[in-house]
Amino acid sequence: MQEQSLQSRQLYHMTIFTQCFSPCGKYVAAANNYGQIAIFSLVSALSPEANESSRLPIYCFKGCKEGAIYCLTSTDTFLISAGEGDICAWKWSDIHNKAPKIIWSLSLPKKGVFTNPEVNSIVVDKQEQATRLLAGGGDNDIHIWNMENGQLENTLQGHEDYVHSICLKNNGRECVSASEDGTVRIWDARSSSEAVHILEPHKTPMCGRPEMGKWVGCVAMDHGDDWLICGGGPKLSTWHLRSLTPTATFDTPGSCQNFVMYHEENVISGGMKPCVNHWYVNGDLKSQVPTTSSSIYNIAVNTVLDQLRVLSVVGNSCKIDVCTNFGYKAFSLKFVPS
Amino acid sequence: MSASMVLDFERTRTKFLNVIENGVKSGNIQECVTKIQEEDGGEGEKKLVTDQSLRDVIRKLVDSDAPCETFKLVIGCAVEGAIKDICTTTVPFLMLADMFDMLTLEKSEGVFSIVEDNVSVWKSASFYDAGKNFLLRMCNDLIRRLSKSQNTVFCGRIQLFLSRLFPLSERSALNLMSQFNSENVTVFNMQASESKFIIPSEVKVEKMEIEEGEMEEPPSTFPIDYNLYRRFWSLQEYFRKPTQCYDKVSWKTFSLHADEVLKAFDSCKLDDLKSQRKKLDKTKQMDTQTFFAKYLTSEKLLDLQLSDSNFRRYVLVQFLILFQYLNAQVKFKSASHVLTDEQSAWVKTATEKVTNLIKETPPDGEKFAESVEHILEREENWNNWKNEGCVSYVREKLTDDKEPVEKTRVRAKRKRVGDDLMTSAGKINMGSSELTRLWNINTDNMDACKADTRVFLPHLEEYFAEAIEQADPEAQIEDTYKLVNKDSYQWRSLRLLARRSPHFFTQLNPPGIPLNKYLDIMVNKIAQDMPSNSGEGEMDGEGEEDEKNELDEEEPEEKIPRRHQITDSSKTINTVKDDAPLTDVVTKENIAKIAGLIGDNWKILGKELRMQEEDLAYFESEGETAPLNMLTVWKENETRDSKLDVIKSALIKIGQSSIVDSVFISS
């Protein structure tokens with residue numbers, strides 16, 4: 001009985017921060033604030049005979065000894081998780097065998113005895129020469145490791161507060177980061193000099209929302225590398241990179257956007273309201289799809305397999321909403337640690 | 001002498017056959033008829049023979065594959081014959097029935113035009129009773145032979161013909177029992193095994209539990225939401241048989257599924273492509289007519305169907321029809337088919353949701369929603385009509401035999417519409433119970449129009465009461481809130497003043513005074529009038545209301561002569577108006593003059609000037625100086641502004657206009 005009530009309380013207070021699709025596209029991994037990683041099978045969840053049990057994780061393990069996992073990413077062989085501990089890598093094959101073990105891990109360089117910065121965002125940059133991992137987090141810097149030999153190649157310094165999100169530009173040569181200090185910085189990933197460009201959305205009258213704060217929580221690049229979209233305290237807005245000026249804003253009154261992505265000529269974003277917003281690139285709202293979580297932290301579209309092309313949404317609940325037709329929520333997966 | 005020779009049936013039959021055929025060939029029906037009539041034999045027997053010959057003719061024509069025209073002629077011949085009474089009235093119908101029984105469907109389609117064209121003939125008194133059953137049976141047989149989806153047009157023609165032939169209340173044409181088309185079953189894949197779109201899985205190295213699907217058909221390119229699919233199509237089962245909804249268990253599933261589907265509709269908004277196109281092209285797009293007889297239920301289509309506005313509309317309208325049925329009172333519903341309160345509440349909220357969704361569905365969602373509502377209302381009316389046993393819609397004619405005579409005699413006096421109605425004892429049947437009730441509230445239109453309840457013009461005091469309150473400086477109401485500053489109030493108050501207030505025509509205005517200021521002045525004047533009116537009203541007691549009304553009614557009358565005066569001479573108006581404030585006060589000399597001239601009538605004048613009874617009695621006791629005293633007292637007490645007008649009007653009223661002329665310089 002106590003076990004049950006403990007479990008239900010745990011479920012109630014669960015927040016899923018991030019998710020990631022497997023390289024084969026048939027599974028989705030999600031990580032929560034207890035440091036657990038759960039794997040769900042999309043095939044069984046989408047099958048005609050799906051029932052309650054097919055919406056539960058097929059396997060669940062602890063990805064972080066103590067603390068939450070804030071970001072997940074995947075390469076062809078590895079699932080990489082990062083959060084309040086080290087950056088750890090797990091083999092997908094081990095996970096499928098239900099025996100995952102940390103293959104390698106990287107830790108942020110410590111700046112002091114008591115500092116223990118968390119990692120908020122990691123991105124893998126796959127090049128011919130080498131695969132690199134970029135991570136940004138609580139120590140206000142962006143670190144770049146070479147994944148082959150595990151060496152810390154570069155550190156991009158300049159942010160004055162912690163980094164929320166990073167993404168790549170120009171085929172990995174450049175990197176864009178959004179931070180709590182209200183700036184979006186564009187860096188040359190190979191050199192360790194200062195940021196090439198600094199954008200401050202909170203200072204422009206078009207985007208700034210002083211009542212919400214100046215922090216920029218999410219950033220994304222469009223496919224052609226001409227446009228950058230960012231949001232957070234200031235309004236979600238697209239910026240033209242040649243002129244470094246905002247061009248269009250996406251109105252989300254009362255809600256700061258936590259996550260944004262470009263998808264097939266449209267923009268998808270989610271934030272502090274319980275709905276996923278689909279927009280046209282000019283700023284017009286296309287549709288709003290209600291979700292179970294009242295705040296949204298991550299949205300992902302499974303582009304690996306067409307048959308399993310779903311949009312999944314995670315946020316501050318234990319449910320992962322899955323949409324087959326992006327217009328409405330089809331069903332929810334439930335993150336119940338076994 | 002015996003009536004007739006024995007008629008040789010066979011011989012006469014062949015004879016008539018030839019006659020008719022010849023007649024048909026030559027196109028001369030009249031000839032056949034006369035020839036047949038000439039033939040010897042009893043009437044009844046001849047009729048039998050003619051009937052038989054006609055049917056023979058038809059048979060021969062069918063055998064010989066004759067063109068449509070010939071059939072037409074023969075039928076025409078039969079009709080003529082029936083009218084001329086050489087054959088029975090049922091024979092044309094029998095011939096038609098024979099014809100359709102023997103002909104192929106293609107030919108029948110061509111030949112059916114004969115039936116359609118002669119609707120008026122079939123409807124005429126002589127043929128109708130005899131033939132309607134035949135025709136009905138014949139048409140039903142035809143329809144049964146036809147397939148609704150293959151020969152839709154022909155089926156339609158037959159149905160149209162039937163609807164023209166029979167009156168509205170023909171029972172056999174009605175769905176009296178309000179039964180539903182239970183044969184319209186929508187088939188869909190309930191079980192997963194029936195689905196052909198299971199995704200294949202890799203059987204290789206994975207050691208986790210994955211089901212092994214069979215690949216029968218290439219898998220779909222996009223994932224399918226089976227949950228929604230099943231729930232969506234299961235709704236069709238409820239639409240097909242709404243009586244299921246009354247059962248508690250099925251109701252639960254129904255409401256659950258319906259909620260989910262409506263939620264999916266709600267979050268998946270449709271793009272209004274048409275209006276976007278309109279903005280770009282600015283050309284009018286013709287609405288393509290879409291119609292499909294049955295739903296296609298393949299899983300692959302669900303996504304596309306969800307984003308199709310026509311499909312959505314169909315389903316949403318189905319919901320509305322179902323909800324209307326559940327709530328409607330139908331005579332043939334069993335007693336257990338009643339919704340509980342909870343269910344009714346759910347139905348209500350669901351109806352609102354559905355109506356909103358319809359309004360949001362482009363293109364022209366609002367218009368569509370209105371039309372649907374209108375249609376459902378009419379459906380309710382039809383339902384009520386059926387419940388009352390299909391009351392005839394034909395309006396009863398007023399039988400007035402004397403009419404034609406009266407028309408010739410009383411040409412000079414124009415007949416009034418109302419007279420007819422009044423002569424028929426006041427109670428008219430208008431054809432519908434509701435209209436009858438309304439009309440019989442007051443059958444005499446003139447009376448009804450004159451009734452007191454129709455006086456809509458408010459009294460000055462009522463209308464301006466609020467404005468008077470606002471005008472009070474102690475109330476400190478801001479200008480923007482004052483009624484007199486509102487356009488609509490201003491306009492209406494001007495109209496009312498023109499009809500009711502004497503001040504309208506006596507108030508001098510510098511031209512160009514803003515309207516709200518003018519109204520302020522008028523409001524003040526009316527306010528001053530008011531207390532004196534109400535005060536005196538109480539004191540006078542009897543006749544107070546009459547006086548008030550009289551005055552009110554008098555003023556418009558009096559204003560008219562004044563108006564004429566004013567319009568006649570504009571110059572004098574100006575001068576009069578300019579002088580008015582100065583001479584508005586009734587001077588002492590005037591009073592003295594009036595007093596002198598009024599003589600014994602001073603009491604009447606006093607009453608007219610609204611003096612109290614007790615005061616008048618007091619003055620009387622004073623004797624000779626009574627008029628002067630009375631008038632002086634009146635002058636002091638008079639609160640109304642234009643004392644001059646008051647005394648003038650009072651004098652004129654009591655018939656002392658001569659005094660007016662002599663005392664006051666009339667303008």
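Mentor: The buried residues of helix α21 of chain B are B:Leu460, B:Phe464, B:Ala467, B:Gln470 and B:Ala471, where buried means that 20 or more other C-beta atoms, placed from the backbone, lie within 10 Å of a residue's own. Seen down the helix axis, these buried residues fall within an arc of 115°, so they line one face of α21(B), the arc being that of the directions from the helix axis to the C-beta atoms. This is a predicted model, in which local features need pLDDT of at least 70 and side-chain atom pairs count only at pLDDT 80 or more, while totals for chains, interfaces and linings use all residues. Residues are numbered from 1 along each chain as its sequence is written, and chains are lettered from A and ligands numbered from 1 in the order in which they are written.

Helix α21(B) covers residues 460-471, twelve residues in total, and reaches 15 Å from its first C-alpha to its last, close to the 16 Å expected at 1.5 Å times one less than the number of residues; helices here are DSSP runs of H or I with at least four residues, numbered from the N terminus.

Elsewhere in chain B, helices α4 (residues 68-84) and α5 (residues 91-102) pack at an angle of about 155° with their axes 9 Å apart, and they are therefore roughly antiparallel, a term for angles over 145 degrees. Their contact (C-beta atoms within 7 Å) includes B:Phe71 and B:Ile75 of α4(B) and B:Met95 and B:Leu96 of α5(B).

Terms used: Helices (H or I, at least four residues) and strands (E, at least two) are DSSP runs, numbered from the N terminus. A residue is buried if 20 or more other C-beta atoms lie within 10 Å of its own, exposed if 12 or fewer, and partly exposed in between; C-beta atoms are placed from the backbone. Axes are lines fitted to C-alpha atoms, for helices over the stretch in contact, and angles run from 0 to 180 degrees between N-to-C directions. Angles under 35 degrees count as roughly parallel, over 145 as roughly antiparallel, 65 to 115 as roughly perpendicular and the rest as oblique. Two residues are in contact if their C-beta atoms, placed from the backbone, lie within 7 Å.
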